[in-house]
Amino acid sequence: VKALEPEMRRLSMQLRRLKHDLKQTTDPLSSVVSIACQHALTTTLSSKIVGALTAGDRTVRMRSGNRDECLIQLFSGEADIAITYQIPGERTPILAQAFEAHDLGADRLIPVCIPDLEDSTHNGEIPAIGYPSDVFLGQVFDRTIVPRLSNKVVLSPRAETALTLAMIQLVLDGIGVAWLPRSLILDHLAQKRLIKPSLNLPEQELEIKMIRLAEGQSPQNDAIWSLLSNDVLKRKTL
């Protein structure tokens, strides 16, 4: 028995793996689920997603990226579901035909800085931390925030990053003012580590959408879609 122990352990492992694989093929809620999530939403929603989907015998693969990357992963089959931001009223006919969407609530893009920096913005020149123009939040900023800035306000670029978590740290270090999803900084706002400048700077509401391909869904995907749609990820407007 001792001489055969390595082979017996290998066979036992193979049997356990076979049992697991067989259960995945028969149970529509028991398999690997791939979720493509926009960077900022990965931070705030990933634990709820994983908690909801691993209640049974499921494995969740979280993929984080910009919104365009999330949609590409849906088209390519790398992701079963995507969770992204959308500007209210934004409608793209091609996307509307290709995707099915479910509303998960709303967030808000707001300007914030550390309290020590607030006084330095009163002259109208604002040290700003921005997003690259080729990422979704950068496009939102260029389309909805910049046109609504007062003529008396001048943005003075200090830094640029596509990563919201990196931007939060830059703001906390006093580098400048940044427009961030409110859901990401609730604790910082509550503890007064970050504040909204008193210049009445524009903000932008964001919708949170769960998206999948409109056709060709498996029973497993339908079951997971229903589970996540059933108020598991529902958020109130922030």
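Good morning. A pocket, in the sense used here, is an open set of grid points where a 1.4 Å probe fits, with protein on both sides within 12 Å along at least five of seven lines. With that term in place, let us turn to the structure above, which is a predicted model.

I begin with the second largest pocket, whose volume is about 160 Å³. Its lining consists of 13 residues, and those closest to the centre are Ala128, Ile129, Gly130, Tyr131 and Phe141. Which elements each supply at least two residues of this lining? They are strand 5, covering 125-130, helix 6, covering 136-145, and strand 6, covering 154-160. Sorted by class, the lining residues are nine nonpolar, three polar and one charged.

Gly138 is located in helix 6. Is Gly138 buried or exposed? Its relative accessibility is 2%, and because buried means under 20%, Gly138 counts as buried. Beyond its neighbours within four places in sequence, Gly138 is in contact with Tyr131 and Pro132. Tyr131 has already been named among the residues closest to the centre of the second largest pocket. Gly138 and Ala162 are 24 residues apart in sequence, while their C-alpha atoms are 8.0 Å apart in space.

Thr144 also lies in helix 6. With a relative accessible area of 12%, Thr144 is buried. A polar atom of the Thr144 side chain lies 2.6 Å from the backbone oxygen of Val140. Setting aside neighbours within four places in sequence, Thr144 is in contact with Ile87 and Gln204.

Next, consider Asn221, in helix 9, which spans residues 219-229. Asn221 has a relative accessible area of 5% and is therefore buried. Which residues does Asn221 touch, not counting those up to four places away in sequence? They are Asp80, Ile81 and Arg212. As for Asp80, its backbone oxygen lies 3.4 Å from a polar atom of the Asn221 side chain.

In soluble globular proteins, nonpolar side chains tend to be buried together. In this model, the largest nonpolar core holds 50 residues, of which Ile83, Leu180 and Ile185 touch the most other members. Helix 2, residues 39-53, gives this core its largest share, six residues. Another core lies apart from it and has eight residues, including Cys70, Leu74, Ala79 and Ile211.

Thank you for your attention.

How values were computed. Residues numbered from 1 in each chain as written. Predicted model: local features only at pLDDT ≥ 70, side-chain atom pairs only at ≥ 80, totals over all residues. Heavy atoms only, no water. 1 Å grid on protein atoms, 1.4 Å probe; cavity = no way out; pocket = protein on both sides within 12 Å on 5 of 7 lines; lining within 4 Å. Points joined across faces, edges and corners; volume = space filled by probe spheres on them. Helix = DSSP H or I, 4+ residues; strand = E, 2+ residues; numbered from the N terminus. Nonpolar A, V, L, I, M, F, W, Y, C, P; charged D, E, K, R; others polar. Buried < 20%, exposed > 50% of the residue type's maximum accessible area, 1.4 Å probe, protein only. Polar contact = N/O pair within 3.5 Å; in protein donor to acceptor, adjacent residues only side chain to side chain. Contact = heavy atoms within 4.5 Å. Core = buried A, V, L, I, M, F, W, Y, C linked by side-chain atoms within 4.5 Å.
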